[in-house]
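Please examine the sequence and the three-dimensional structure shown here. The explanation below begins with the chain as a whole and then turns to single places within it.

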Amino acid sequence: MTDTKKLFIKTYGCQMNVYDSERMAEALGTKGYVPTDTVEDADMVLLNTRHIREKADEKLYSDLGRLRKLKLTRPDLKVGVAGCVAQAEGAEILRRAPVVDLVVGPQSYHRLPEMVEAKGRVIDTEFPAEDKFDHLPERLSPRGPVAFLTVQEGCDKFCAFCVVPYTRGAEVSRPVDRLLAEARNLVARGVREITLLGQNVNAYHGAGEGGAWTLSRLIREMAAIPELARLRYTTSHPNDMDDDLIAAHAEVPQLMPYLHLPVQSGSDRILKAMNRKHSAEHYLRLIERIRAAQPDILFSSDFIVGFPGETDQDFEDTLALIRSVGYGAAYSFKYSARPGTPAAEKPAVPTEVADERLHRLQALLTLQQRAVQEAMVGREVTVLYEKAGRMPGQMVGKSEHLHAVHVQDETGRIGELARVRVLASSTNSLAAVRSSDLT
Ligand code: SAH
Ligand code: SF4
């Protein structure tokens with residue numbers, strides 16, 4: 001019998017990191033660690049970092065500074081650093097921060113149970129030959145009716161601004177049978193919506209019956225799992241949207257009408273400098289083809305402003321692309337140089353210029369997002385209830401279009417799909433009442 005110890009994980013950033021944190025917690029569960037929400041009573045603190053755009057190092061070192069103080073009063077406290085910053089700067093972290101006991105890269109999480117028992121300070125940032133997923137314990141009970149499932153990791157695309165190919169390594173797809181088993185297992189435990197995750201999820205090419213499967217084939221197979229009501233996938237690259245994946249949006253009712261399809265810029269010159277390998281025109285045609293398959297679909301995208309060499313005209317081209325697509329949601333970032341990437345060598349756009357562009361771009365995207373939400377008022381949508389709301393008799397969940405919806409529903413249950421009528425739109429959510437039962 002192992003003693004119970006408490007584990008606090010801080011997750012920085014994206015959904016893939018949230019998924020990884022859950023799997024790490026499960027791996028450490030085999031050594032008696034149970035999750036805690038308070039850092040003060042933890043026996044181990046794990047910082048699951050990311051490296052993509054924010055000042056990841058500064059955040060990490062300021063958190064480590066706080067942990068150093070905590071460790072003065074609690075010498076047995078174990079401190080670990082995981083994720084992309086661990087991968088990129090592992091040895092440097094051990095050197096700079098004596099408080100750190102272990103450093104583990106994203107491909108080595110399955111080795112965590114041994115690492116926590118090792119004497120002294122340990123580091124593992126290899127890209128091991130074995131697949132970590134084969135060595136991680138079975139999924140525990142999911143927290144609600146919505147779950148993420150990583151199907152693909154890494155990236156071979158080498159966009160000029162991005163660290164992912166260096167920190168996460170080459171593209172690797174998990175085999176079909178494992179993913180179907182994991183999906184069935186999640187559904188058996190009450191999950192009704194699964195989001196398939198990958199850095200380039202639509203480049204999926206996992207081994208399955210008859211050879212490598214595409215993402216659309218995997219989606220069609222998963223859609224056959226009874227009780228799995230909804231499927232989504234993210235993040236897609238425009239160059240990997242093949243015909244069958246587009247067709248799946250017309251043919252698979254479980255596939256939700258929402259697609260995150262990052263374009264980054266609307267200027268061909270900048271797209272070329274970014275090494276995106278597609279033009280603005282190609283992206284716009286693609287959007288048209290997807291809309292032809294599923295007219296009700298909403299798009300979201302990522303944008304980078306102030307990429308080295310971006311002129312006023314390039315920026316205007318991005319605004320023009322945004323106007324012609326009409327996005328339901330979007331994420332926009334000011335370019336930040338990541339050491340080791342080709343773009344980091346180029347002269348930067350002045351900060352004031354980039355700030356002003358970001359401001360204008362976000363104002364336009366916010367207008368579009370509001371208009372899309374307003375257009376939902378009066379419509380009937382389906383909401384998967386994820387939790388009770390703050391008001392009595394209120395349930396909260398997501399619509400098909402990933403809008404957060406607060407529903408007045410006295411009898412609503414978590415995990416239920418309810419047909420509701422949208423009454424109003426506020427900044428980041430919709431308000432609705434239940435119209436009838438679906439399940
Ligand atoms: N694989 C996905 C996204 C990965 S990173 C894709 O290709 O779209 C998520 C987002 O972070 C990117 O889409 C990009 O908009 C942003 N990003 C990545 N590196 C950045 C950098 N150096 N500066 C600013 N934003 C960046
Ligand atoms: Fe980064 Fe580009 Fe790969 Fe996305 S496609 S992870 S932005 S290199």
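The structure is a predicted model. The domain assignment of the protein chain gives three parts: domain 1 (5–132), domain 2 (133–376) and domain 3 (380–437). Taken over C-alpha atoms, the centres of domain 1 and domain 2 are separated by 27 Å. To the contact between these two domains, domain 1 gives 26 residues and domain 2 gives 30 residues.

The interior may be considered next. In soluble globular proteins, nonpolar side chains tend to be buried together. The largest nonpolar core of this model has 59 residues, and the members that touch the most others are Ile194, Leu196, Leu218, Met222, Tyr233 and Tyr327. Helix α7 (residues 176–188) supplies the largest share of this core, namely six residues. Because domain 1 (5–132) and domain 2 (133–376) both give residues to the core, it lies between them.

Which residues surround ligand 2? They are Cys155, Lys157, Phe158, Cys159, Phe161, Cys162, Val164, Pro165, Asn200, His237 and Arg276. By type, this shell around ligand 2 consists of seven nonpolar, two polar and two charged residues.

Two single residues complete the account. Leu319 belongs to helix α12 (residues 312–325). Its relative accessible area is 2%, so Leu319 counts as buried. Beyond residues up to four places away in sequence, Leu319 touches Arg360, Leu361 and Leu364. Leu319 also shows how sequence and space can be read side by side: Leu319 and Ser265 are 54 residues apart in sequence, and their C-alpha atoms are 8.8 Å apart in space.

Arg434 is found in strand β21 (residues 429–437). Is Arg434 buried or exposed? With a relative accessible area of 17%, Arg434 is buried, because the term applies to values under 20%. The side chain of Arg434 makes a polar contact with the side chain of Asp409 at 2.5 Å, and another with the side chain of Glu416 at 2.8 Å. Setting aside neighbours within four places in sequence, the residues in contact with Arg434 are Tyr385, Val407, Gln408, Asp409, Gly412, Glu416, Ala418, Arg419 and Val420.

Notes: Residues numbered from 1 in each chain as written. Chains lettered and ligands numbered in written order. Predicted model: local features only at pLDDT ≥ 70, side-chain atom pairs only at ≥ 80, totals over all residues. Heavy atoms only, no water. Core = buried A, V, L, I, M, F, W, Y, C linked by side-chain atoms within 4.5 Å. Buried < 20%, exposed > 50% of the residue type's maximum accessible area, 1.4 Å probe, protein only. Helix = DSSP H or I, 4+ residues; strand = E, 2+ residues; numbered from the N terminus. Domains from an automatic or database assignment. Near = heavy atom within 4 Å. Nonpolar A, V, L, I, M, F, W, Y, C, P; charged D, E, K, R; others polar. Polar contact = N/O pair within 3.5 Å; in protein donor to acceptor, adjacent residues only side chain to side chain. Contact = heavy atoms within 4.5 Å.
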